[in-house]
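The sequence and structure come first.

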Amino acid sequence: MKRDSRLSSVLHALLHMAEHDGRMTSDALAQCLGTNPVVVRRTMGLLRKQGLVDSDRGPSGGWRITADLDKVTLRQLHEALGEPAFFAIGHRQETPECLVEQAVNAALDDAFDEAEALLLKRFAHVTLADLAKDFARRHRERKAAKD
């Protein structure tokens, strides 16, 4: 099963945008992400609906962050993307009347629910500003190592 990497891609794009002076085109963001500009536009459109970014068309157009990086959390972005499933693991549903299948599915559902709640709680405490600071630290360290 293919992993849903939209949250990771959105975070990647937003950090590039945060470091960039001015707007970034869908083409430029697509190049940063190794994807197609249409994918960027579709995904950024979800963020625009939430008031996190805006865009202008034309030669000087592109995307820019409108939200405060200190206030945008990973959870908010996860929700803006339509709350994609966290886990690719599923359970059997071939014989729903089977008591063994019911017991297994109940145990898995409980574990998945607990894990998702923990992950969402953590996402609520990590902001784009936190990621931007970590990126800046890593960038400084790499630059210092090269010098």
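The sections below cover the basis of the model, its core, its salt bridges and a charged patch.

## Basis of the model

The model is predicted, and local features need pLDDT of at least 70, side-chain atom pairs count only at pLDDT 80 or more, and totals for chains, interfaces and linings use all residues. Residues are numbered from 1 along each chain as its sequence is written, and side-chain values use heavy atoms, with hydrogens and water left out.

Helices (H or I, at least four residues) and strands (E, at least two) are DSSP runs numbered from the N terminus. Buried stands for under 20% relative accessible area, exposed for over 50%, and partly exposed for values in between (1.4 Å probe, protein chains only). The areas themselves come from the Shrake-Rupley method with a 1.4 Å probe, and for residues only the protein chains shown count as cover.

## Nonpolar core

A nonpolar core is a set of buried Ala, Val, Leu, Ile, Met, Phe, Trp, Tyr and Cys residues joined through side-chain atoms within 4.5 Å. The largest one here has 24 residues, of which Leu-14, Met-17, Leu-29, Met-44, Leu-47, Val-53 and Leu-77 touch the most other members. At least two residues of this core come from each of helix H1 (6-19), helix H2 (26-33), helix H3 (37-49), strand E2 (62-65) and H4. H1 gives the most, with 6 residues. In soluble globular proteins, nonpolar side chains tend to be buried together.

Leu-47 is found in helix H3. With a relative accessible area of 0%, Leu-47 is buried. Leu-47 and Val-10 are 37 residues apart in sequence, while their C-alpha atoms are 9.0 Å apart. Helix H3 also holds Arg-42, which is exposed at a relative accessible area of 56%. Between Arg-42 and Ala-107 there are 65 residues of sequence separation and a C-alpha to C-alpha distance of 37 Å.

## Salt bridges

The whole structure has 10 salt bridges, each defined as a side-chain nitrogen of Lys or Arg within 4 Å of a carboxyl oxygen of Asp or Glu. Arg-23, Asp-54, Asp-56 and Arg-64 are linked by such bridges into a network.

Arg-6 is paired with Asp-4, their closest N and O atoms being 3.0 Å apart. Arg-6 is partly exposed at 30% relative accessibility, and Asp-4 is partly exposed at 41%. In helix H6 (residues 128-146), Arg-138 and Asp-134 are 4 residues apart, about one turn of the helix. These two form a salt bridge with closest N and O atoms 3.0 Å apart, and Asp-134 is partly exposed at 26%. Glu-94 and Arg-92 form another salt bridge (3.6 Å, N to O), and both are exposed.

## Negative surface patch

Glu-83, Asp-109, Asp-110, Asp-113, Glu-114 and Glu-116 form a negative surface patch. Patches are made of residues with over 30% relative accessible area and no salt bridge, with like charges joined within 9 Å. Asp and Glu count as negative, and the place of a charge is taken as CG of Asp or CD of Glu.

Asp-109 is found in helix H5 (residues 99-123) and is partly exposed, with a relative accessible area of 31%. Glu-83 lies in the loop between helix H4 (74-80) and H5. The phi angle of Glu-83 is near 50°, a positive value in a residue other than glycine.

Technical notes. Patch = residues over 30% accessible without salt bridge, like charges linked within 9 Å, V, L, I, M, F, W, Y side chains within 5 Å.
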